[in-house]
Amino acid sequence: LIKMESSKGNILNFDTGDPFSRDFQSSEGSRGQENLVHVRIQQRNGRKTLTTVQGISQDYDLKKIAKVCKKEFACNGTVVEHPEYGEVIQLQGDQRNNICDFIIKVGLVRKEQVKVHGF
């Protein structure tokens, strides 16, 4: 607890941790963004799009998840090794809503752990 006195009033700082530190615990109790699953969309040629899913735990076999998603959504897909994000599932088309509903329904992640990016 840091208390600062100023001429305009008191300023209380209850959160004394460094938010840029790796072991910073936020007020909700979750560790930063490590538990989030990011679902992104990338534009390809013309109307073609690519959906990427990053952040699924390494405890799961991503190739099997991709295989089930391909059958479920009637699209093609693969697992690629991204230099920055690690293993990423790529699916053809705009599958953001489908993949979010699927990974929540199957129980891979909770709803609050999914972050959807894109236009």
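Is threonine 52 buried or exposed? In this predicted model, threonine 52 has a relative accessibility of 6% and therefore counts as buried, the limit for that class being under 20%. The residue belongs to strand β4. Leaving aside residues up to four places away in sequence, threonine 52 is in contact with His38, Val39, Arg40, Gln42, Val88, Ile89 and Gln90.

Strand β4 is part of an open sheet of five strands, arranged in the order β5-β6-β4-β3-β7 with mixed pairing. The edges of the sheet are formed by β5 (77-82) and β7 (114-116), each of which pairs on one side only. On average, and with direction ignored, neighbouring strands of the sheet are turned by 25° against each other. Within the sheet, β4 (residues 49-54) and β3 (residues 37-43) are joined by six bridges in the antiparallel sense. Arginine 40 is the residue that stands opposite threonine 52 of β4, and Arg40 is also among the contacts of threonine 52 listed above. The charged end of arginine 40 is placed over the ring of tyrosine 85, at 4.8 Å from the ring centre.

Helix α1 (residues 62-73) lies across two strands of the sheet, β5 and β6 (86-92), and runs at about 10° to β6. A pair of aromatic rings is described by the distance of the centres and the angle of the planes. For phenylalanine 73 and phenylalanine 102 the ring centres are 6.0 Å apart and the planes stand at 85°, so the arrangement is edge-to-face, the class that applies to angles over 60 degrees. Both phenylalanine 73 and phenylalanine 102 are buried.

Alanine 74 is located in the loop between α1 and β5. With a relative accessibility of 73%, alanine 74 counts as exposed, because the limit for that class is over 50%. Alanine 74 thus falls in the exposed class, whereas phenylalanine 73 is buried. The backbone of alanine 74 has a phi near 55°, a positive value in a residue other than glycine. Most residues other than glycine have a negative phi.

How values were computed
Residues are numbered from 1 along each chain as its sequence is written. This is a predicted model: local features need pLDDT of at least 70, side-chain atom pairs count only at pLDDT 80 or more; totals for chains, interfaces and linings use all residues. Side-chain values use heavy atoms; hydrogens and water are left out. Two strands pair if DSSP finds at least two bridges between them. Helices (H or I, at least four residues) and strands (E, at least two) are DSSP runs, numbered from the N terminus. Axes are lines fitted to C-alpha atoms, for helices over the stretch in contact, and angles run from 0 to 180 degrees between N-to-C directions. Contact means heavy atoms within 4.5 Å. Rings of Phe, Tyr and Trp (its six-membered ring) pair if their centres lie within 6.5 Å; planes under 30 degrees apart count as stacked, over 60 as edge-to-face and the rest as tilted. Buried means under 20% relative accessible area, exposed over 50%, partly exposed in between (1.4 Å probe, protein chains only). A charge sits over a ring if NZ of Lys or CZ of Arg is within 6 Å of the ring centre and within 35 degrees of the ring normal.
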